[in-house]
Amino acid sequence: MFLFRRSRSLTISLILLSAIIFFGLVAGILTDKEPLRTGYAQGLTPPSSQFPMGTDQLGRDVFSWTLYGIRTALFVSLVSTSLTVIISIIVGLPAGYFGGKLDQLLMRVTDFFLSIPRFILIIFAVIIFGPTLTNIILILSVFSWPTIARIVRAEVLSIKEREYVQAAKVLGAGNFDIMFNEILPNVMPPVLVASALQMSDAILAEAGLSFLGLGDPNMASWGRILAIARQAIYVGGWWTLVFPSIFITVTVLSVNLLADGLNDIFNPKSVR
Amino acid sequence: MEPLLEVEDLNVEYVLTDYKVNAVRNVSFYMNKGECIALVGESGSGKSTVAMAVMGLLPPYAKVSAKKITFDGKDILNADEKLMTEIRGKDVTVIFQDPVSYLNPIISVGEQIFEALMAHNPKITSKEAQAQAVELLRKVRIADPERVLRMYPFQLSGGMAQRVFIAMAISANPKLLIADEPTTALDLTIQSQILKLLNNLRKEFNLSIILITHDLSLTSYLADRIYVMYNGQVVEEDSVEGIFSNPIHPYTKTLILSSQAIYRGEVKRLREKIATIIEKGGNSETIKGCDFIRKCNNCGPECEKEPPLIECNGLKKVRCWRL
Amino acid sequence: MPGGIKEYILKRILIGLFMVPAVIIFTFLLLKLAPGDPAVLMAGETATKEYIEMIREIYGLNKPLHEQLIIYLGKLFTGDFGYSFTFKRPVLDVILERVPTTLLLAGTGTLIAIFFGIVLGVVAALRKDTITDNIISSLTLIFYSIPIFALAQFLILFLVINYRLFPLSGYVTIGVSPADPIKYAMDVLWHLVLPSISLALIQMATYVKLTRTSMIESLYSNYIIAAKARGLKWRRILFKHALKNALLPIITVAGIQLGLIIGGVVITETIFSWPGVGRLTIEAIEARDFPLLNGIFVLTSVSVIIANIVTDIVYTYVDPRVKLR
């Protein structure tokens, strides 16, 4: 396979991600049980043909939870990362291109966000504004854009001076034209790599919040069942820990591999 | 008198995952004590590779083979790493192009010189090392050596750095110095200073030198004999006078013309003259026969077969059938 | 020359000091955005009416925003971080009490991560593209992807529940006191093992990857070839030349990491019931104790800012190219 030779990471990640997305999409078909509904069984039960991954102390089906958890993780991370990228581009592109006060302001803001502990800030914000899905997505986006915006700006600075941009200028293209048609497409590769990393961060952040009880209570999040696992493993309920852990690790792993793979493609000469 | 260094039929092949490159093919040369020989050729001719191969400093994906390589009577082709480490720095030393990048940027000059001194003289005290270092720097005509010892490589100019390098190279009184493009990265005025320095050191210590360069004009000052290299092979070898007064191989002729023309500012005339010797052609890949088939005006049917080095009169050997 | 460094350090500290009030003002504004009566937020939902009114008075919550800010800043300046209604003590006291335990955990975890990270990175670099290298790289990638709350629980599952090798929670076993210092120290260490390993494993990947890349770049540099050509012994070249250069970026990264592992610290302390500031944060969250949360946030931010300044200064001293600009 041609892709495999170009980048091992990319191939593996795409295979894994397709599998995960597939399972997430067909969750409804693979199981008839609702993920967060209690009472399917009398408390903790081990894996069986009826409950392939067992149930938790309140009789919730772990299999269903794990599968629907894919949707939560991917949805939250995809949406928040997309928002982050959009904001980063809106801010970073003009900042790098026009320079001046806007650029200075951007640098101060990113410096600021880099010096404060992000996780506690996120926790703080979630408590203040309430743990709902929308809030969590917005908060994650708002506290992630400075890093990506910085990358956008750096790329713009280096691309700005290249010949095809100068050529476009000479031909009379307006600033916005140049920014979106010449510069933006060339900024995207490193931004995509950074976004992939951002996505895996977002999955872990959302799971972390849910673990601490700060997730949206209506969402089947892996973090939350892993919090339940804390009690469950004492009384032998290892399945509440093992299965969701495998799923979240594989998901985060494949997104990280995606980032590696994209990097392989865009920077073939970098040290591996 | 036995030669100091003898290399017979050296081959170096770079073996990478996707392809192989034959960097050096059937190269043989020798040098006597006190001599200076020059390996001259353009980049990619394999001249640096030859020197690095002899020193055992090539990367692991380089496969070196030869009929024999002896230094000072010892076989170094099959020598183990222990023996090579002993020889390096003590009997044979190397100076490189762009000396600043060949020095460790975060360690002071003095420390690096001390380290070189201690490597070959483990019992030296720091006081002695300091004194010797200062003495070495004076020998290479550096003013205010104490101050230079405290500096870091990035603070040195190219010329100074090269002097420091030379100082380290001669610190253990080596028998052979390999100078790989020592002046290429330096200004013209500094170039002649460094060459003069090398010449003085040569006379003072009876030092043998292998000069590797693409600039033929440098060789007339230092070298006794010249090996002209092209595409991994020696195409002509002779004494310095023999090369300059009677160049036979087409490549040698173009080298002489280019070095003359640059000094006389006659680049336009040069182009015309080269055109009479060599037709414009693409680069050779793996063509059968003489490398210059497509580039030489003087070729004939026998050139389809690769010519060996053929002896002419005196020291001269040329890789050509049409002599 | 020395004047150059001093100026740089001064400049760096000033920028940092500027960040601190920025952070404080930021939290202040954030709190103001919270829905509900700010006085109730600060007094706690179970407070009496009189208490709520008192809070309103003290913090001037009826006054215009900029006046509130000045009052707030003034209080912080005098060390008054507010009053925690859950603990019924000043916020600053509550937090400072737990700082040493957190430092013990975070410090140990980071040191383990850096040490083993460097060792594995160097090994991977030296054995580049061999099976060893691939194994190390794969393992670190996996550990980088596991969430810390999963990893920690696996450790607990195997080492505490199944094999009873380590204690589950807390800092010290009941009954062991500082009166017997050696026994106390050993006990604390025993409790420290699992949480610090959890923290370390998560961070290690970053250090392994960084060291490996850095070391490979270093090993293929010109000055290494030159050192070899001088006849220096390989061991010496490795440690004195290659490694020294390769380790420079680690200083910078370590500084950045300090800010990033805070989330991990919070979670680890929660899982292992380690009585540090992280666990305190969770307790504050559950009780919705805003003054306490605010104090934690401000203090953590300030610590991270200071840590970054220190790292920058250390780096300036270590790299002569920066020092002697």
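Predicted model: local features only at pLDDT ≥ 70, side-chain atom pairs only at ≥ 80, totals over all residues.
Residues are numbered from 1 along each chain as its sequence is written, while chains are lettered from A and ligands numbered from 1 in the order in which they are written.

**View 1. Confidence along chain B.** The score shown is pLDDT, the predictor's confidence in each residue, from 0 to 100. Its mean over chain B is 85. Of the residues of chain B, 91% reach 70 or more. Residues 279-284 of chain B stay under 50. For this stretch the model has seven contacts beyond four places in sequence. Two residues are in contact if their C-beta atoms, placed from the backbone, lie within 7 Å.

**View 2. Chain B as a whole.** Chain B has eleven helices and 13 strands. Helices (H or I, at least four residues) and strands (E, at least two) are DSSP runs, numbered from the N terminus. The C-alpha atoms of chain B fill a box of roughly 70 × 45 × 45 Å, taken along the principal axes. Buried residues make up 41% of the 323 residues in chain B. A residue is buried if 20 or more other C-beta atoms lie within 10 Å of its own, exposed if 12 or fewer, and partly exposed in between, with C-beta atoms placed from the backbone. Among contacts in chain B between residues at least 6 apart in sequence, 61% join residues at least 24 apart.

**View 3. Strand 11 of chain B and its partners.** Strand 11 (residues 233-239) is mostly covered, with six of its seven residues buried. Strand 10 (residues 225-230) pairs with strand 11 in the antiparallel sense over six bridges. Two strands pair if DSSP finds at least two bridges between them. Ile226(B) stands opposite Asp238(B) of strand 11. The hairpin of strands 10 and 11 has two residues between the strands, and Asn231(B) takes a positive phi near 55° there. Strand 13 (residues 317-318) also runs antiparallel to strand 11, joined by two bridges. Here Val318(B) in strand 13 is the bridge partner of Glu236(B).

**View 4. Val134(B) in helix 4.** Helix 4 of chain B spans residues 126-139 and holds Val134(B). Val134(B) is partly exposed because 18 other C-beta atoms lie within 10 Å. Leaving aside neighbours within four places in sequence, Val134(B) is in contact with Pro145(B) and Glu146(B). Ile212(B) is 78 residues from Val134(B) in sequence and 29 Å away in space, C-alpha to C-alpha.

**View 5. Where chain B touches chain C.** Here 23 residues of chain B are in contact with 17 residues of chain C. Helix 2 (81-87), strand 7 (92-95) and helix 3 (109-120) of chain B each supply at least two residues of this side. Helix 3 gives the most, with four residues. By class, the side of chain B has 13 nonpolar, six polar and four charged residues. Ala, Val, Leu, Ile, Met, Phe, Trp, Tyr, Cys and Pro count as nonpolar, Asp, Glu, Lys and Arg as charged, and the others, Gly among them, as polar.
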